[in-house]
Amino acid sequence: MNETLSVIVEREIPYPPEKIWRALTQPHLIEEWLMKNDFKPVVDHRFNLRADWGAVDCQVRTVEPNKTLSYTWAAYGLESIVTWTLTPTGTGTHLRMEQSGFRPDQQQAYQGAKYGWQKFFANLEQSLTRID
């Protein structure tokens with residue numbers, strides 16, 4: 001049986017989904033909290049995320065404005081899928097990120113992602129305070 005692991009981060013964010021969606025889909029904003037990129041919110045669009053340590057190859061799978069965004073995330077033998085889900089709440093948005101597809105033998109990548117996403121989320125929340 002091939003069990004895969006997921007990294008899940010969930011946050012209550014005091015901003016409307018539309019504002020968070022911009023931070024998740026506009027290249028200059030993505031660069032502020034995640035990495036340099038050539039992202040477009042278009043299904044099947046292939047893009048790269050680039051950092052000092054290397055690059056991630058991605059392809060957009062789902063785009064539901066202000067609701068759901070998913071893309072493949074491939075780097076160093078990891079084939080995973082990142083899915084963002086935005087749910088409006090009384091005070092803002094419940095934001096959920098799931099990165100699925102880590103194999104049991106990919107513990108290092110899995111632990112790295114767990115650490116990395118905490119950092120990216122902190123950056124994202126900082127970024128949102130600056131977006132109009």
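**Rings, burial and a cavity**

Modeller: W84 is buried, and so is W117; buried means under 20% relative accessible area, exposed over 50%, and partly exposed in between, with a 1.4 Å probe and protein chains only. This is a predicted model, in which local features need pLDDT of at least 70, side-chain atom pairs count only at pLDDT 80 or more, and totals for chains, interfaces and linings use all residues. Residues are numbered from 1 along each chain as its sequence is written, and side-chain values use heavy atoms, with hydrogens and water left out.

Biologist: How many aromatic pairs are there?

Modeller: A pair of aromatic rings is described by the distance of the centres and the angle of the planes. Rings of Phe, Tyr and Trp (its six-membered ring) pair if their centres lie within 6.5 Å; planes under 30 degrees apart count as stacked, over 60 as edge-to-face and the rest as tilted. The count here is ten aromatic pairs. For F39 and F47 the centres are 4.9 Å apart and the planes stand at 90 degrees, so this pair is edge-to-face. F39 and F47 are both buried.

Biologist: What are the distance and angle for W84 and W117?

Modeller: They are 5.6 Å centre to centre and 75 degrees between the planes, an edge-to-face pair. W84 belongs to strand β6 (residues 78-89) and W117 to helix α3, so the pair ties together parts 33 residues apart in sequence. Helices (H or I, at least four residues) and strands (E, at least two) are DSSP runs, numbered from the N terminus. Ring pairs also link W84 and W117 into a cluster with W33, W73, F120 and F121.

Biologist: Which residues line the largest cavity?

Modeller: A cavity is a set of points on a 1 Å grid over the protein atoms alone where a 1.4 Å probe fits but cannot get out, and lining residues have an atom within 4 Å of a point. Here they are L24, I30, W33, L34, F39, F47, L49, Y71 and W84. Elements giving two or more residues to this lining are α2 (27-33) and β3 (46-51).

Biologist: Is L49 buried or exposed?

Modeller: L49, in strand β3, has a relative accessible area of 1% and is therefore buried. Beyond its neighbours within four places in sequence, L49 is in contact (heavy atoms within 4.5 Å) with residues including L34, M35, V56 and W73.

Biologist: And where is A122 found?

Modeller: A122 is in helix α3 (residues 107-130). Its relative accessible area is 40%, so A122 is partly exposed.

Definitions and conventions. On a 1 Å grid over the protein atoms alone, a cavity is a set of points where a 1.4 Å probe fits but cannot get out, and a pocket is an open set with protein on both sides within 12 Å along at least five of seven lines; lining residues have an atom within 4 Å of a point.
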